[in-house]
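The exercises below are meant to be worked through with the sequence and the model side by side. Try each task before reading its solution.

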Amino acid sequence: MTLVEGIVMVGSVSAIAWLNWYFFFAVPKTQQAAVDGAGLQEALVRVDGGYSPSAIQVEAGRPVRLSFDRADTSGCSEEVVLPDFGIRKFLPTGAVTSVEFTPTQAGTYQFTCGMGMLRGRLVVTSR
């Protein structure tokens, strides 16, 4: 094995390890949704190569509004899907698009782009 082959091998293994950690083991910081005077839980999620914040905490039994601000122009981010709540919504670039629903059960629910590449979590706690 030459030095160049060794560098390529180490770089490849490192890249694979990082991708596995990023997609399967990294734990994103959870942000608590803001609550307005009427009890609506709101969070603004920026869509730009991923979701930021990518983990949002809300309480069960209260209405939730997630507003997605899409800056990313890739086709992958043009849609958000919350399968546990039956929501699939188109996100126009440069616009804020809101989805509203009321989670009734505590648990962790995923939201993704239409292709499942971008991932976020909704952490629903009991009241």
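**Exercise 1.** Is P103 buried or exposed?

*Solution.* Begin by bearing in mind that this is a predicted model. Next, locate the residue: P103 sits in the loop between β9 and β10, the latter covering residues 107-113. Its relative accessible area is 0%, and since a residue counts as buried under 20%, P103 is buried. Then look at what surrounds it: with neighbours within four places in sequence left aside, P103 is in contact with V58, E59, A60, G61, R62, V64, F85 and V124.

**Exercise 2.** Work out where T97 and F90 lie and which residues they touch.

*Solution.* Take T97 to begin with, which belongs to strand β9, residues 96-101. Its relative accessibility is 11%, so T97 counts as buried. Not counting residues up to four places away in sequence, T97 touches L66, S67, F68, K89, F90, L91 and P92. Now turn to F90, which is part of strand β8, residues 87-90. On leaving aside neighbours within four places in sequence, F90 is in contact with E78, E79 and T97. For the pair F90 and E79, the separation is 11 residues in sequence and 4.4 Å in space, taken from C-alpha to C-alpha.

**Exercise 3.** Which two residues are joined by a cis peptide bond, and which rings are linked into a cluster?

*Solution.* The cis bond joins S52 and P53, with omega at about 0°. P53 itself is placed in the loop between β4 (51-52) and β5 (55-59). As for the rings, the structure holds 5 aromatic pairs, and ring pairs link Y51, F68 and F111 into a cluster.

**Exercise 4.** Describe the protein as a whole, going from its elements to its dimensions and then to its surface and charges.

*Solution.* Start with the secondary structure, which comes to 1 helix and 11 strands; read from the N terminus, the order is α-β-β-β-β-β-β-β-β-β-β-β. For the dimensions, the C-alpha atoms fill a box of roughly 65 × 30 × 25 Å along the principal axes. The radius of gyration of the protein is 18 Å, whereas a compact globule of 127 residues would have one near 14 Å.

Turning to the interior, buried residues make up 33% of the 127 residues. Of the contacts between residues at least 6 apart in sequence, 55% join residues at least 24 apart. The accessible surface comes to about 7600 Å², and 58% of that belongs to carbon and sulfur atoms. Finally, count the charges: there are 10 positive and 11 negative side chains, and the centres of these two sets lie 5 Å apart.

Key: Residues numbered from 1 in each chain as written. Predicted model: local features only at pLDDT ≥ 70, side-chain atom pairs only at ≥ 80, totals over all residues. Heavy atoms only, no water. Phe/Tyr/Trp six-rings, centres within 6.5 Å; stacked < 30°, edge-to-face > 60°. Helix = DSSP H or I, 4+ residues; strand = E, 2+ residues; numbered from the N terminus. Rg over C-alpha atoms; globule rule 2.2 N^0.38 Å. Buried < 20%, exposed > 50% of the residue type's maximum accessible area, 1.4 Å probe, protein only. Contact = heavy atoms within 4.5 Å. Areas by Shrake-Rupley, 256 points an atom, 1.4 Å probe, with all protein chains shown as cover. Lys, Arg positive; Asp, Glu negative; His and termini not counted. Charge placed at Lys NZ, Arg CZ, Asp CG, Glu CD.
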